[in-house]
Amino acid sequence: MRPDTNRTGCVPISIIKLEWHSPWAVVPVFISMLGIIATSFVIVTFVRYNDTPIVRASGREMSYVLLTGIFLCYAITFLMIATPDVGVCSLRRIFLGLGMCFSYAALLTKTNRIHRIFEQGKKSVTAPRFISPASQLVITFSLISIQLLGVFVWFAVDPPHTVVDYGEQRTQDPMAARGVLKCDISDLSLICSLGYSILLMVTCTVYAIKTRGVPETFNEAKPIGFTMYTTCIIWLAFIPIFFGTSQSAERVSILHYII
C-alpha cells in the first residue's frame, strides 16, 4: 500500500508486468520470429528431401532432434513475456531448459558416437555398439528424460505460482512505487533448471576436443567443436551479467540472447 494524494488513507500500489510493446520484449520477439521462420524453413526442407543421400548422411534423426531444440529455444521467448499465471509459470519451468537440453543431448550423442567409432577402430574392425539411428534416439531421449524428471521433482517440491515483487521497483517517492508481477522462480532454482543443460554442454565440449582430429570425411566433428567452444565462452559471460542485473525485463532479454 501507499498513501493517497491527500495522505489521509492508503491505496494499493500499482502492479506492473513486462508488456509486449516494451523494447525489452519487442527486440527478443523480433529475433525469435526470425529464428522460428528460419528453423521452420530448415525443417520443411529436411522433410521434403528426407530420403536424399545428403539428408541421410547428415544423420536425419538426430538433426530433427537438434532442430526441435533450436525451435523450442526461440519459442520460450513468448512464454517469458506472457502475463504470469500458474499455467504460464508451469510452462516456463518445463520449457526453460528443455530446448537447450534437446540441442545439447543431440550434439553429445553425435560426438560420443564419433568418438566411440574411432576408439573402437584402433582396437578392432568390429563396430561399436549402439551406433544405429534407433540407438542414438534412445540415448538422446534418455538424456532428455533426466531433465524432465528434474522438472517434475521441482513441481512436487515447489509448485509453480506467481508473486508480486515490491522490492524490485523500490523508490523514495511513494507515488512512483510499483509491484512487479512475476513467476516465483529463485535464482537458485533457475541455475538448477539450466544446470543439467550446462553439464551436457561441458560433456559435449570434452568429446568435441577428443574428436577434433578425426578425418575430414567426418566433417561434422569440427563444426560441433567450434560451436561448443563458443557456447562455453558465452555461458561464462552470461552468469555474472545475468545475476548482476536487477530488473526482470532486462533479465528476460538477457536470458533470450544467451539461449
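Arginine 93 counts as buried in this predicted model, at 1% relative accessibility. The side chain of arginine 93 meets that of aspartate 158 in a salt bridge, with 3.5 Å from N to O. Arginine 93 lies in helix 4 (residues 86-96) and aspartate 158 in the loop between helix 6 (133-157) and strand 4 (162-165), so the pair ties together parts that are 65 residues apart in sequence. Aspartate 158 is partly exposed, with a relative accessible area of 24%.

A salt bridge also links lysine 182 and aspartate 165, whose closest N and O atoms are 2.9 Å apart. Lysine 182 belongs to strand 5 (residues 178-183) and aspartate 165 to strand 4, so this pair ties together parts that are 17 residues apart in sequence. Lysine 182 counts as partly exposed at 22% relative accessibility, and aspartate 165 counts as partly exposed at 23%.

Salt bridges that share partners join Asp51, Arg60 and Glu61 into one network. Within this network, the side chains of aspartate 51 and arginine 60 meet in a salt bridge. Aspartate 51 is exposed, with a relative accessible area of 56%. The count of salt bridges comes to five, including those in the table:

| Salt bridge | N to O distance |
|---|---|
| Aspartate 51 and arginine 60 | 3.1 Å |
| Aspartate 158 and arginine 93 | 3.5 Å |
| Lysine 182 and aspartate 165 | 2.9 Å |

The surface also carries a nonpolar patch, formed by Val27, Phe30, Ile31 and Leu34, with about 360 Å² of accessible area together. Leucine 34 lies in helix 1 (residues 23-48) and is partly exposed, with a relative accessible area of 48%.

Notes. Residues are numbered from 1 along each chain as its sequence is written. This is a predicted model: local features need pLDDT of at least 70, side-chain atom pairs count only at pLDDT 80 or more; totals for chains, interfaces and linings use all residues. Side-chain values use heavy atoms; hydrogens and water are left out. Patches are made of residues with over 30% relative accessible area and no salt bridge: like charges are joined within 9 Å, nonpolar side chains (Val, Leu, Ile, Met, Phe, Trp, Tyr) within 5 Å. Accessible areas come from the Shrake-Rupley method with a 1.4 Å probe; for residues, only the protein chains shown count as cover. A salt bridge is a side-chain nitrogen of Lys or Arg within 4 Å of a carboxyl oxygen of Asp or Glu. Helices (H or I, at least four residues) and strands (E, at least two) are DSSP runs, numbered from the N terminus. Buried means under 20% relative accessible area, exposed over 50%, partly exposed in between (1.4 Å probe, protein chains only).
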